[in-house]
Each structure stands twice: as structure tokens, then as C-alpha cells.
Amino acid sequence: MSRRVHLLGTGGTIAGAQPDPRHAGYSAGVFPIERLLSAVPGLAELARLSWEQIVNIGSQDMDDSIWLALATRVNEHADGAAIDALLITHGTDTLEETAYFLSLVTANATPVVIVGAMRPATAISADGPGNLYNGVAVAADPRAPGRGTLLCMDGEIHRPRYAVKTSTMGANAFSSLLGGLVGVVQTGRVAWFEPAPAIRAATFSVAGLDRLPRVDVLIAHAGMNADLIDAAVAAGARGLVIAGVGSGNMSARAIARLADAAASGVAVVRSSRVPRSMVLRNGEVDDDRYGFVAARDLNPGKSRVLLQLALTTTNDTQLIQEVFERC
Ligand code: SIN
């Protein structure tokens with residue numbers, strides 16, 4: 001009996017349309033999920049499919065309220081008995097953030113595979129159909145349960161914690177930097193899966209939440225002043241993530257103002273704008289003295305996700321640092 005895979009459509013380039021395939025201009029989030037499925041012959045042989053449309057947007061417009069709706073839907077399906085696995089179609093621009101968010105707020109028993117595409121559905125050699133086909137194969141694979149959320153693009157299966165969009169130019173847009181791949185899928189067959197981890201509950205519960213704490217990301221650069229820090233604090237940010245230079249550093253002016261923000265109760269996390277980086281606590285910056293948190297290898301976008309979730313449970317920077325060591 002084939003496995004039951006339920007699809008949740010959210011838009012993205014995989015659902016995008018080009019008015020003229022000879023020109024680059026296109027709109028993401030145009031075609032509904034059923035239209036994407038109809039472009040993939042042989043899907044019904046991989047799994048029994050059902051689907052629903054959550055939103056149909058470019059993923060630059062993904063936000064906390066859609067994340068919470070998605071988490072609710074995923075957890076409802078996972079807790080029920082009607083499906084075996086979920087697959088989400090999503091734009092690639094913020095796919096890694098959504099995938100990381102879901103990996104933190106869902107248990108890992110039910111597979112949740114997220115796929116996107118770099119070329120719109122109408123493009124010559126669109127990559128969406130192949131990614132959808134392989135994504136369903138991964139979701140339906142008997143070795144998938146126990147792995148929770150997985151990101152599947154261009155035949156590679158990634159953990160959300162480590163997957164990063166590293167290219168805007170080709171179908172192989174994602175890399176797993178420090179973490180390595182979880183598996184490889186080719187033409188509808190999982191060729192290799194690393195051993196599955198133990199079953200675990202969700203790290204954070206978002207049940208009943210209708211919003212997440214506001215966390216802003218600021219990028220450090222030569223000559224960084226403190227004006228945007230002041231603006232974010234004045235706008236009500238409960239947390240700030242700094243995409244620091246090098247290993248999470250920033251100008252003396254910015255450090256001084258962030259230390260004031262931290263003293264007033266705003267959680268300050270130092271990440272790095274460098275793709276391969278390790279921001280160590282009390283490395284170049286004295287986190288103990290300023291009350292900062294070091295993000296280690298977690299990039300700024302994902303540090304924001306983790307800080308938002310951590311702030312739903314605590315304001316204590318020592319505890320938040322522990323969350324960043326663990327998640
Ligand atoms: C988006 O993220 O929605 C647009 C870009 C893409 O899907 O590749």
C-alpha cells in the first residue's frame with residue numbers, strides 16, 4: 001500500500017509564471033498546488049496524494065503569522081492518522097528560515113519535506129517538477145519517519161539547521177555548510193539516507209500563539225553607526241541579531257549602543273555576515289561584559305528564527321545562549 005503524502009502549497013518560483021519564457025521577468029506564487037502536481041507524470045505511483053493551499057506568495061513575503069499557521073497545520077496533520085508524511089512547496093528565498101522554524105516547532109516522527117525551484121513553472125527546463133517528484137519520493141520513503149523537516153533541492157536532502165541558499169544562479173542553489181547532507185535522491189528514489197536520529201518531541205511549542213516576538217536583523221559594515229540600532233529598539237524590537245563583520249564583530253559605536261540595549265532588556269545576538277563562520281562566545285567581543293549572545297555557526301536569518309522562539313520562553317541571555325548551543 002503506497003504511503004499518503006499531503007502537500008501544502010505556499011507559492012514561490014516553483015509556482016511562478018513568466019509572461020515570456022525568452023525573458024527573465026516572472027512572478028512567484030501564481031499557479032495553485034494542483035496545477036504543479038499536474039505537471040509531474042508518475043507522481044501517483046510514488047504516493048497517494050492530497051493537498052491544500054496555505055498561501056500563494058513569493059517567499060520574501062513569508063512572515064510570522066504564516067509560519068504559525070503552517071506550524072498549526074503541520075502539527076494537526078502529524079497528530080492525526082490520515083497521512084504519513086507532508087510536503088511543502090515554498091519559494092527558495094526564505095525557504096531555509098521556514099524549514100528551520102518548522103524543525104524547531106514540530107516533532108520529528110512525521111517527515112516534512114520542503115521543496116522549491118529556481119526556475120518558474122513556465123520556464124524552459126523548469127526544475128520544479130523534478131524537485132516535486134524527488135520531494136514526494138523522499139516524503140514517502142519508509143526511511144523518512146524520524147527525520148522531521150528536510151529540505152530537498154536538486155537531488156540533495158539537507159537538514160534545515162545547516163542548509164543555506166548559496167547561489168541565485170542555478171538549480172543547485174543550496175549547500176549544507178558545516179552539517180553535510182542527510183541523503184541523496186535521484187529520479188524518484190532515495191539513493192542514500194544517513195541513519196535516522198531518535199524520535200523526539202518539538203523543541204518549542206507555538207500552540208496558541210498568534211504572533212512571535214519582534215526580532216530585527218542589522219548588518220554590520222565599515223563605518224557602522226548606531227542609528228538603525230536606535231530605530232529598531234524604538235520600534236519595539238525585543239531582540240536584535242547583528243550580522244557582524246568577520247566573527248560577529250561591529251564598530252565600537254555599535255557595540256556601545258547594543259550594550260545599552262542589552263542592559264535595557266533587548267536580547268542581542270552576534271551572528272556573522274560571512275557564509276562560513278563561527279561566532280564564539282567571548283571571542284573578539286566580550287559577550288560576558290556586554291550581555292550579548294554568540295550565535296556560533298547559525299546565520300543571521302536563522303538566528304532570528306531561533307531568538308524569536310527562545311524569547312517565547314525566556315528573556316535571560318544566559319538561557320538564550322544555552323538555546324544557541326543546543327539548537
Ligand atoms: C521566492 O522565494 O518566492 C522567489 C524565489 C524562488 O522561489 O526561487
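**Terms and model.** A residue is buried under 20% relative accessible area, exposed over 50%, and partly exposed in between (1.4 Å probe, protein chains only). This is a predicted model, in which local features need pLDDT of at least 70 and side-chain atom pairs count only at pLDDT 80 or more, while totals for chains, interfaces and linings use all residues. Residues are numbered from 1 along each chain as its sequence is written, and side-chain values use heavy atoms, with hydrogens and water left out.

**View 1. The residues around the ligand.** A residue is near a molecule or strand if one of its heavy atoms lies within 4 Å of it. Which residues are around the ligand? They are G12, T13, Y26, A28, G58, S59, Q60, G91, T92, D93 and A117. This shell divides into three nonpolar, seven polar and one charged residue. Here Ala, Val, Leu, Ile, Met, Phe, Trp, Tyr, Cys and Pro count as nonpolar, Asp, Glu, Lys and Arg as charged, and the others, Gly among them, as polar.

View 2. In T13, a polar side-chain atom sits 2.9 Å from an oxygen atom of the ligand. For S59, the distance from a polar side-chain atom to a ligand oxygen atom is 2.6 Å. T92 has a side-chain N or O atom 2.5 Å from an oxygen atom of the ligand. How much of the ligand does the protein bury? Taken alone, the ligand exposes 250 Å², and the protein buries 94% of that. Accessible areas come from the Shrake-Rupley method with a 1.4 Å probe; for residues, only the protein chains shown count as cover.

**View 3. The salt bridge of D93 and K165.** A salt bridge is a side-chain nitrogen of Lys or Arg within 4 Å of a carboxyl oxygen of Asp or Glu. By this rule, the count comes to 14 salt bridges. In one of them, the side chains of D93 and K165 meet at 2.7 Å, N to O. D93 lies in the loop between β3 (85-89) and α4 (95-105) and K165 in strand β7 (residues 163-165), so the pair ties together parts that are 72 residues apart in sequence. Helices (H or I, at least four residues) and strands (E, at least two) are DSSP runs, numbered from the N terminus. D93 is partly exposed, at 47% relative accessible area. D93 is also one of the residues around the ligand.

**View 4. Further salt bridges.** R296 and E325 meet in a salt bridge through their side chains (3.2 Å, N to O). This pair links distant parts of the chain, 29 residues apart: R296 is in the loop between β14 (293-294) and α9 (300-311), and E325 is in helix α10 (residues 317-326). Both ends are partly exposed: R296 at 27%, E325 at 39%. R214 pairs with D216, and their closest N and O atoms are 3.0 Å apart. E52, R73 and E76 are linked in a network of salt bridges.

**View 5. Helix α5.** This helix has 13 residues, 128-140. The expected span of a helix is 1.5 Å times one less than its number of residues. For α5 that gives 18 Å, which agrees with the 18 Å between its end C-alpha atoms. How many of its residues are buried? The answer is 10 of 13, so α5 is mostly covered. Among the buried residues are G128, N131, L132 and N134. N134 has a relative accessible area of 10%. A polar atom of the N134 side chain lies 2.8 Å from the backbone nitrogen of G188.

**View 6. Loops with positive phi.** Most residues other than glycine have a negative phi. S125 is not a glycine, yet its phi is positive, about 60 degrees. S125 lies in the loop between β4 (112-115) and α5. T187 also has a positive phi, near 35 degrees. T187 is in the loop between β9 (183-186) and β10 (189-193), and is exposed at 69%.

**View 7. A117 beside G128.** A117 lies in the loop between β4 and α5. At 1% relative accessibility, A117 is buried. The C-alpha atoms of A117 and G128 are separated by 4.7 Å, although these residues are 11 apart along the chain.

Methods:
A polar contact is a pair of N or O atoms within 3.5 Å; within protein, one must be able to donate a hydrogen and the other to accept it, and residues adjacent in sequence count only if both atoms are side-chain atoms.
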